[in-house]
Amino acid sequence: MPVEITWWGHATCTVEDSNVRLLTDPLFARRLAHLRRRRGAPPPPGAWRADVALVSHLHADHLHVPSLARLPQDTRLLVPRGARRAVPGLRRLAHLRVTEMAPGDVTTVGDVAVRAVPARHDGRRLPVGPHRSPALGYVIEGEARTYFAGDTGLFDAMAKEVGPVDVALLPVGGWGPYLGEGHLDAGRAAEALSRLAPRSAVPVHYGTYWPIGMDAVRPHEFHAPGDEFARFAAERAPGVAVHRLAHGERVRPEVAR
């Protein structure tokens, strides 16, 4: 079966490749602290099913313990090195098979290999304290090579570290009116696309969550990133097919044969 990608909102996607079902940064909540889901229904229970779930870093909108608790018995869970020490709630998820990953590590699930790659992002659970857990991206290699970037900024070795890919799932926004260091906005994501040169791209990490009470503060940062990414990508990486998905929509992107 060709690779199929479903975007559930924020950084949560299902990637189906070679009869393996992978789930990225599972976040099923209507509300998370000061954030509320403003667009798209939370993923239905069928979306919780996965052979392996990938967590890119320890921030609560990417490593969300209540969402991970909903994953079925014996789901493989790949997390950054040091995650179990930094997030005590992970140790209570005894029904999951947890593997800690560092850049360069590879885990095989069925006919799919999952390789951890570096990301330029603050990987700490809290904004203070020592850096003990890396932020990661993942390259899923089956019938296609799919890059899930997690959260990252641009970095010089991005194309070298990620390697050739067919599909790129790239963050293009955030959950608030301003993006801090270590993030891609629509323009920087298009620049990443020009460096990676995949055949297809799906913009993620935008247009889902927004701080409560801030609806009128720079609302274009919530609504516009997907369209802006498609426009910038057409200028800087015109050979890449951009699939701007609605919440719950799926696509079978073209891959090299």
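Histidine 183 is placed in the loop between β13 and α4; helices (H or I, at least four residues) and strands (E, at least two) are DSSP runs, numbered from the N terminus. The model is predicted: local features need pLDDT of at least 70, side-chain atom pairs count only at pLDDT 80 or more, and totals for chains, interfaces and linings use all residues. Residues are numbered from 1 along each chain as its sequence is written, and side-chain values use heavy atoms, with hydrogens and water left out.

**Histidine 183**

- Histidine 183 counts as buried, at 19% relative accessibility; buried means under 20% relative accessible area, exposed over 50%, and partly exposed in between (1.4 Å probe, protein chains only).
- Its side chain reaches the backbone oxygen of glutamate 181 at 3.3 Å.
- Not counting residues up to four places away in sequence, histidine 183 touches His121, Asp151, Thr152, Gly153 and Arg188, where contact means heavy atoms within 4.5 Å.

**Glutamate 4**

- Glutamate 4 lies in strand β1 (residues 4–9) and is buried, with a relative accessible area of 9%.
- The side chains of glutamate 4 and arginine 250 are joined by a polar contact of 3.1 Å. A polar contact is a pair of N or O atoms within 3.5 Å; within protein, one must be able to donate a hydrogen and the other to accept it, and residues adjacent in sequence count only if both atoms are side-chain atoms.
- Apart from neighbours within four places in sequence, the contacts of glutamate 4 include Thr14, Val15 and Glu16, as well as Val251 and Arg252.

**The sheet of seven strands**

- Seven strands form an open sheet with mixed pairing, in the order β9-β10-β11-β12-β13-β14-β16; two strands pair if DSSP finds at least two bridges between them.
- At the edges stand β9 (106–109) and β16 (241–242), each with a single partner strand, so one side of each is left without a neighbour in the sheet.
- β9 and strand β10 (residues 112–118) run antiparallel and are joined by four bridges, with threonine 108 opposite alanine 113 in β10.
- Helix α4 (residues 186–196) packs on this sheet, touching β12 (145–148), β13 (167–171), β14 (200–204) and β16, and its direction makes about 155 degrees with that of β13. Axes are lines fitted to C-alpha atoms, for helices over the stretch in contact, and angles run from 0 to 180 degrees between N-to-C directions.

**Strand β7 and its partners**

- Five of the five residues of strand β7 (residues 76–80) are buried, so β7 is largely enclosed by the rest of the structure.
- Strand β6 (residues 52–54) runs parallel to β7, and three bridges join them; valine 52 stands opposite arginine 76.
- Five bridges pair β7 with strand β8 (residues 97–101), also in the parallel sense, and here valine 79 is opposite glutamate 100.

**Helix α6**

- The buried residues of helix α6 are Pro225, Gly226, Phe229, Phe232 and Ala233.
- These residues cover an arc of only 130 degrees around the axis, which puts them on the same side of α6; the arc is that of the directions from the helix axis to the C-beta atoms.
- On the other side of α6, Ala234 and Glu235 are exposed.
- What covers the buried residues of α6 includes β13, α4, β14, α5 (220–223) and β16.
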